Structures are given as C-alpha cells and as structure tokens.
Amino acid sequence: MVRRVLILGGGFAGLYAARNIQKLMGHDVEIEVVNRENYFVFQPLLPEIAGGAISAINAVSPLRFLTKAISIRKAEIDSIDPVAQTVTVFQGVQRRPTILNYDDLVIAVGSGSNLSKTPGLSEHAFTMKTLSDAQRLRAHIIERLEHADITRLPEVKKGTLTFSVIGGGFSGVETVGEIKELIDRSLRYYPNICASEIRVVLLEFSERILSEMPESLAKYAHANLEKRGIEIQLGVGVVEATGTQLVTSADEVIDTRTIVATIGNTPSAIIANMPLHLQHGRILVDQDFRAKGYENIWSIGDCALIPMQENSGERENFAPPTAQFAVREAAHLAMNLKAASEQMPLKPFQYKSKGALASLGAGCGVAQVFGLKFTGRVAWLLWRVYYIAFLPGMQTRISVLWNWLMDGFSRRSVVQITAQNNSETRHVLYRAGDRIYENGSR
Ligand SMILES: Cc1cc2nc3c(=O)[nH]c(=O)nc-3n(C[C@H](O)[C@H](O)[C@H](O)COP(=O)(O)OP(=O)(O)OC[C@H]3O[C@@H](n4cnc5c(N)ncnc54)[C@H](O)[C@@H]3O)c2cc1C
C-alpha cells in the first residue's frame, strides 16, 4: 500500500526530508510538502542579501525545481489533529480552509522570532529570518543614506546614520558585517555624508561574540569588526526600543533609526497549539525523531528538541538548531521512516558537527573545519565554497556564484526597489452567493 507522507515546512529539514524519502522509498510513498512560500530560502545567505552582495531572486530556489515526483502545496499550516490524522491549512487568495490526510506526518516548520519581552522591540526592530526581512533591511539602509544626504537637521542625521544590531551570534555578526560593507561601499555616492558620521553598533548580552565558536576565532572576529569601525558592546542588553531610540542595559540612550534584532529565536508559533509534548517551546521527540507518544508523527529541524543521547539533560546533548544538523536529520529521518514502514528497528540519531563558519563581510571570515581553525580571506573563501556546495539546485548555485563574482568586480548597487502599497483600504467586488473566508474562519 502506498503511504501518504505529509511534510509541514519546506525549509532545510522539510525539503531535504522530502528528497531523501523520495530517493529511499520511491513508489511506496506519496509525498506532499506544505510551505508558506513556493520557494526554498537559504537562510545563511540572508545577511548577504541585506548587504546587497546577492540579489534576493538569485538566492532562493523554487521548491518545484528541487523536488521531482513530490507535490508542493503553497498554504498556511494551521493545526493538526492526530486522532483523525489530518492537518488543516489555509490556502488561496481567500485562505480557504482545507483538510489534508496523512499516514505519516513530518513537522519541520522551523523557528520564528519573539521580541515581545523587550518593550518596543517587536514594533521597531527588523528581524533576519525571511527573504522579505533581508529585502526590507537593505531598502531601509539605502533609505537612511538617501535621507541623511539631504537632511539639514543634525540631530536627525545623527539618528539616521546610527545602525544598531542586537545579538552577537552568527546571524548578528554576519548581518553587522554586511551592513557595514554596504554602507562603506555606498558612501562615495552620498557626498554630504562623512564616514566619521556613521555609527554601527553591535550589542551582545554575553561576554563575547560568536559563543558557538572557539574563543580565539571569536577574538579575531571581534578585532576585525572593530578595525572596520564597528563598535561592539559586550555584556550589554536592550531595555527598550522606540522608533528613534534604543535604551541599553548600560543606561545608554542610542539615537538610531535602524534596529536589527537577531535575538529572541523561538519555535514557530503554530507549534504551541499542537497537541504534542513540548519542551522549551519545541516538539519533544525521541532519538529516532518520533514525537513523544506517537508512532506516525515525526519532527526535525529547528522546531524539534532532539536528544543526542539517552536521558539528555544538558543543553549540549540536544541537536543544535542549525542547517547543518537539519540536513543530517532529514537523511536520518528518511531511513527511519523506511524502517518503520518495513517494521524494522529504528536507529537513534547521532551526529557530530563538522565545524562552523562565519563571514565577517569585506572578504574576511572565521572558520573551524574538522578541528582546524582558519581566519581572514582563507576562512571567507572556505565559507563561500562551502555554501556554494551546500546550496540546493544548480541554477541557484550558478546565480549566487555569478552575483559574488560581479560583486567583487563592480560597484554595489544603491537602487532601492520597494513594493509600494499606499492604500490603507482594500476594495473587493463580490457577487451574490460568493463564499468568503477570512482569517480565523473555519
Ligand atoms: C541569518 C541566519 C544565518 C544562519 N546561518 C547559518 C549557518 O551559517 N550555518 C547553519 O548551519 N545554520 C545557519 N542558520 C540556521 C539555519 O538556517 C536553520 O537552522 C535552518 O534553516 C533550520 O531549518 P528548518 O527546516 O528547521 O527551518 P526553516 O529553514 O526555517 O524552514 C521552515 C519552513 O517552514 C515554513 N513554515 C513555518 N510555519 C509555517 C506555516 N504556519 N505555514 C506554512 N509554512 C510554514 C517556513 O516558511 C519555512 O519555509 C542561520 C539562520 C539565519 C536566520
């Protein structure tokens, strides 16, 4: 009998799971992937999109290009019903609720951001999670430069040219490095802005940046960013944010019109309403990826809490939320799903990280690969080679490579394209008898 495998989420975990299951189980399964967008986002490249090194359209791949014999459903996942073995999604322009059946359910909906703990942050900070986050940030930075170039008010200019990034982990460090590179390379087109008027600040609550990396590499990254004019404040958090200011835990009030928050990672909001065992907001699974108490519900990627050994208690005994792990989990899941369908024993997941890489922008990076440490240009090249190899789809690889080559030889564009929607209201024409579904309809 053909088993119907429904995969929620088309990110690293979901996409690679679909491909691996298809490869291993072929005609024995019917696979459908449900995702909000019809494309796959390679999140590690988001800072480069924000910095303008890569154009957005070139850094994403249509899911339909990457999956053969796998159905793609562009829809918003709403809820699951493990008893009826169904998932409710909202799809189409009118967000029509649709019920999908499954024999096996794979939940891989990733994570989101929750900035609500700090007053004002959700309202005024940019996040760095989605393609539109990166696009919006780039457009915003260029808008600030345009404004600073023409304003005659010194206090406005000061806030406009102050860019703050919160969080010194991978995405914060890579984002601040790319923002600085974009600004540095754009300044020649803005004659009324002096380099000395630019302030780029990175705030990190702990005592060092890149805590996921060895201390020597973090120190190198710190010194490199400072040399390029980025101010790093360690042991400093954010107390409050407004549209024009940021108040730090060191009592500094920073006049800034740009706040990027790479903190507040939280599992996707829909998980909270699922009738599953959650721990720290993530789906608690066994070492074989089955959600606690269920035989046919599996979860991998950032939304799952995956123990790497029996009775895992410490944080480091759980699989970290990284793309590297998500892809390995996807391969392992396919093996276990096949084993389960053949009533064979399932294998516990075990994997040791092969290393970590971070780009600091401006042709510099830090890397630890198979225990060896690299810094500067070599690390940056390693970072690029690794990500080109890691990108799914030949077309995307070629596009990204081309973007990188062009970026090395040409000027960085300051074109600001934003989709404008000035109207506060929306008019829709209906005919008598039309059925209308709105958010929250059942
Ligand atoms: C800026 C940045 C840089 C990073 N750099 C690195 C790095 O260098 N190395 C590394 O290993 N990792 C890195 N990561 C982490 C890595 O990207 C994640 O760990 C990885 O994407 C997790 O994969 P996932 O499939 O679990 O989630 P995702 O890739 O986020 O995929 C989840 C998918 O589910 C979809 N989805 C969620 N909710 C719904 C819903 N309700 N309805 C429909 N669809 C939904 C989303 O649209 C998305 O497509 C980085 C992350 C960021 C943000």
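Student: Where is Asp251 placed?
Tutor: Asp251 sits in the loop between β14 (245-248) and β15 (253-255). Strands (E, at least two residues) and helices (H or I, at least four) are DSSP runs, numbered from the N terminus.

Student: What should I know about the model and the numbering?
Tutor: It is a predicted model: local features need pLDDT of at least 70, side-chain atom pairs count only at pLDDT 80 or more, and totals for chains, interfaces and linings use all residues. Residues are numbered from 1 along each chain as its sequence is written, and side-chain values use heavy atoms, with hydrogens and water left out.

Student: Is Asp251 buried or exposed?
Tutor: Asp251 counts as exposed because its relative accessibility is 67%. Buried is under 20% relative accessible area, exposed is over 50%, and partly exposed is in between (1.4 Å probe, protein chains only).

Student: What is the phi of Asp251?
Tutor: Near 70°, a positive value in a residue other than glycine. Most residues other than glycine have a negative phi.

Student: Which other residue has a positive phi near 50°?
Tutor: Phe370 has that value. Phe370 lies in the loop between β23 (364-369) and β24 (372-375). With a relative accessible area of 62%, Phe370 is exposed.

Student: Back to β14. How many residues lie between β14 and β15 in the hairpin?
Tutor: Four, with Asp251 in the turn. The two strands pair in the antiparallel sense over three bridges. Two strands pair if DSSP finds at least two bridges between them. Leu246 has Ile254 in β15 as its bridge partner.

Student: And how many residues are between β13 and β14?
Tutor: That hairpin has three residues between its strands. β13 (residues 238-241) pairs with β14 in the antiparallel sense, over three bridges. Glu240 stands opposite Val247 in β14.

Student: Which residues of β14 are on the covered face?
Tutor: Leu246 and Thr248. Gln245 and Val247 make the uncovered face. In a regular strand the side chains alternate between the two faces of the sheet.

Student: New topic. What is the order of the open sheet of seven strands?
Tutor: The order is β7-β6-β5-β2-β1-β8-β20, with mixed pairing. β7 (96-101) and β20 (297-299) are the edge strands, each pairing on one side only. From one strand to the next, the twist averages 35°.

Student: How many bridges join β5 to β6?
Tutor: Six bridges join β5 (residues 71-81) to β6 (residues 86-91), and the two run antiparallel. Ile80 stands opposite Val87 in β6.

Student: Which helix packs on the sheet, touching β1 and β2?
Tutor: Helix α1 (residues 12-25) does, and its direction makes about 170° with that of β2 (29-35). Axes are lines fitted to C-alpha atoms, for helices over the stretch in contact, and angles run from 0 to 180 degrees between N-to-C directions. Helix α9 (residues 323-341) lies across β1, β8 (104-107) and β20, at about 165° to β20.

Student: What about Phe12? Is Phe12 buried or exposed?
Tutor: Phe12 is found in helix α1. At 9% relative accessibility, Phe12 counts as buried.

Student: What is Phe12 in contact with?
Tutor: Leaving aside neighbours within four places in sequence, its contacts (heavy atoms within 4.5 Å) include Phe40, Pro44, Ala323, Val327 and Phe390. Phe12 and Glu329 are 317 residues apart in sequence and 9.8 Å apart in space, C-alpha to C-alpha.
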